[in-house]
Amino acid sequence: MNRLNGPARLMIVSDLDHTMVDHHDPENLSLLRFNALWQSLYRHDSLLVFSTGRSPTLYKQLRKEKPMLTPDITIMSVGTEITYGESMVPDDGWENVLNQKWDRNIVIEETSKFPQLSFQSETEQRPHKVSFYVDKGHAQEVIKSLSQRLEKRGLDVKIIYSGGMDLDILPQGAGKGQALAYLLKKFKSDGKPPVNTLVCGDSGNDAELFSIPDVYGVMVKNAQEELLQWYAENAKNNPKIIHATERCAAGIIQAVGHFKLGPNTSPRDVPDLSCCKPDNVSPACEVVKFYLLYERWRRAEVEKSEEHIQNLKTVCHPTAMVIHPSGVEHSLQQFINAFGPCYGDKQGKQFRVWVDKVFTSQISSDAWLVKFDKWELADEGPQCCLTSVLLKSKPENPDGFVWLHVHQTWLEGYEAKDQHAWVL
């Protein structure tokens, strides 16, 4: 909540499965496009919120499987849990709100009388959420009867059906929409309401997000029938909600442009990275572009040209040094020279590079310290370096930067198998 000094320029609140994350995109291209856009142009003054039906256990599992960014806020278990930052500090105030007119034991007792319901896995059963599977043909009948039974027992609950099979029972005050409303109220009380908020979803449990006043909304192209039906019945005349023509994260990028919330050209959409517009140049963008070129070179997605190597050398100071994760120091120019023979060594293989948690601080009138996590995903598995880069603006070109120093350490658990292997 305190990462930004003032109101967020943009707060994106996105569902994960089939919204931010496309499980039919084995290369994760739309997600990586979003990552590059967010880290280069938004993270410094905006907030990213993931709002998922997943429990903390399954959320953490997804993070290990997909190249996801680290959000500022995570809303989990269909809006019943709110946590902050990488360490996922829970919001105790939200838990107190949800305790009103909620008794989990009564919910278990009453649902046991419905043979149509079968429990989801133990990881999905949470203090303020009880989750089942139910066939689509029985869903409405069960919801109606169960609602009446729980009301007679003095509970005020919400029953959400989504995905054509998932049934969640929550306190009435819970849900993705109420969790977002709670956060917006909290930001307002702190004097930091986001300038714009964009909500993104694909299924029935996302409908509440679109009901929050004054937010923009995007239903991704692959949105499910239950969300489209809700839209037709409740919001088809709302110009602030669109049904994207692009799937998943690509649809989110499309919505940013449609609503004019900011730039929506990802560095991954730029064929020639040397042609980035001056108004898009920043220390963060410099880092994103550098590692994207590194990926393209090794995948042979750019022409094998000495010009590319020379372009890299022009952004490296002649005395710049790299401290390798093993602790060994090398000249950055030496690293660039070693870069040449690696052309195409990952062609036709799984190999992607992205950066996360980019944090930029200006340490003098013309110098910046940029800290970030640099990830590589290859056939051998993911590896990550905690990286710090010292950049200095070019005297002859204030929009350009020179790399002065790079320091890297392995993130525990994500070291390369050969810890002395060449790494940039």
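A: His 18 sits in the loop between β1 (11-14) and α1 (29-41), where helices (H or I, at least four residues) and strands (E, at least two) are DSSP runs numbered from the N terminus. This is a predicted model, in which local features need pLDDT of at least 70 and side-chain atom pairs count only at pLDDT 80 or more, while totals for chains, interfaces and linings use all residues. Residues are numbered from 1 along each chain as its sequence is written, and side-chain values use heavy atoms, with hydrogens and water left out.

Although His 18 is not a glycine, its phi is positive, at about 70°. With a relative accessible area of 26%, His 18 is partly exposed; on this scale buried means under 20%, exposed means over 50%, and partly exposed lies in between, with a 1.4 Å probe and protein chains only. Cys 248 also has a positive phi without being a glycine, in this case of about 45°. Cys 248, however, belongs to helix α9 (residues 248-258), and at 0% relative accessibility it counts as buried.

Two further residues can be set beside these. Gly 93 lies in helix α3 (residues 92-98) and is partly exposed at 30% relative accessibility; between Gly 93 and Ala 223 there are 32 Å from C-alpha to C-alpha, at a sequence distance of 130 residues. Met 321, in strand β13 (residues 316-323), is partly exposed as well, at 28% relative accessibility. The C-alpha atoms of Met 321 and Ser 331 are 4.5 Å apart, while the two residues are ten apart in sequence. Leaving aside residues up to four places away in sequence, Met 321 touches Glu 329, His 330, Ser 331, Leu 332, Leu 404, His 405 and Val 406, a contact being heavy atoms within 4.5 Å.

Turning to the strands, β2 (residues 47-51) runs parallel to β3 and is joined to it by three bridges, with Val 49 opposite Ile 73 in β3. Strand β3 (residues 73-76) is covered on both faces, Ile 73 and Ile 75 being buried on one side and Thr 74 and Met 76 on the other. Elsewhere, an open antiparallel sheet consists of four strands in the order β6-β7-β9-β8, two strands counting as paired if DSSP finds at least two bridges between them. β6 (118-119) and β8 (157-162) are its edges and have a single partner strand each, so one side of each has no neighbour in the sheet. Within this sheet, four bridges pair β7 (residues 130-133) with β9 (residues 166-171) in the antiparallel sense, and Tyr 133 stands opposite Asp 166 in β9.

For the chain as a whole, twelve helices and 18 strands are present. The radius of gyration is 24 Å, close to the 22 Å that the globule rule gives for 424 residues, so the chain is as compact as a globular protein of that length; this radius is taken over C-alpha atoms, and the rule is 2.2 Å times the number of residues to the power 0.38. Along its principal axes the C-alpha trace spans about 75 × 40 × 40 Å. Of the 424 residues, 54% count as buried, and among contacts with a separation of 6 or more, 64% involve residues 24 or more positions apart.
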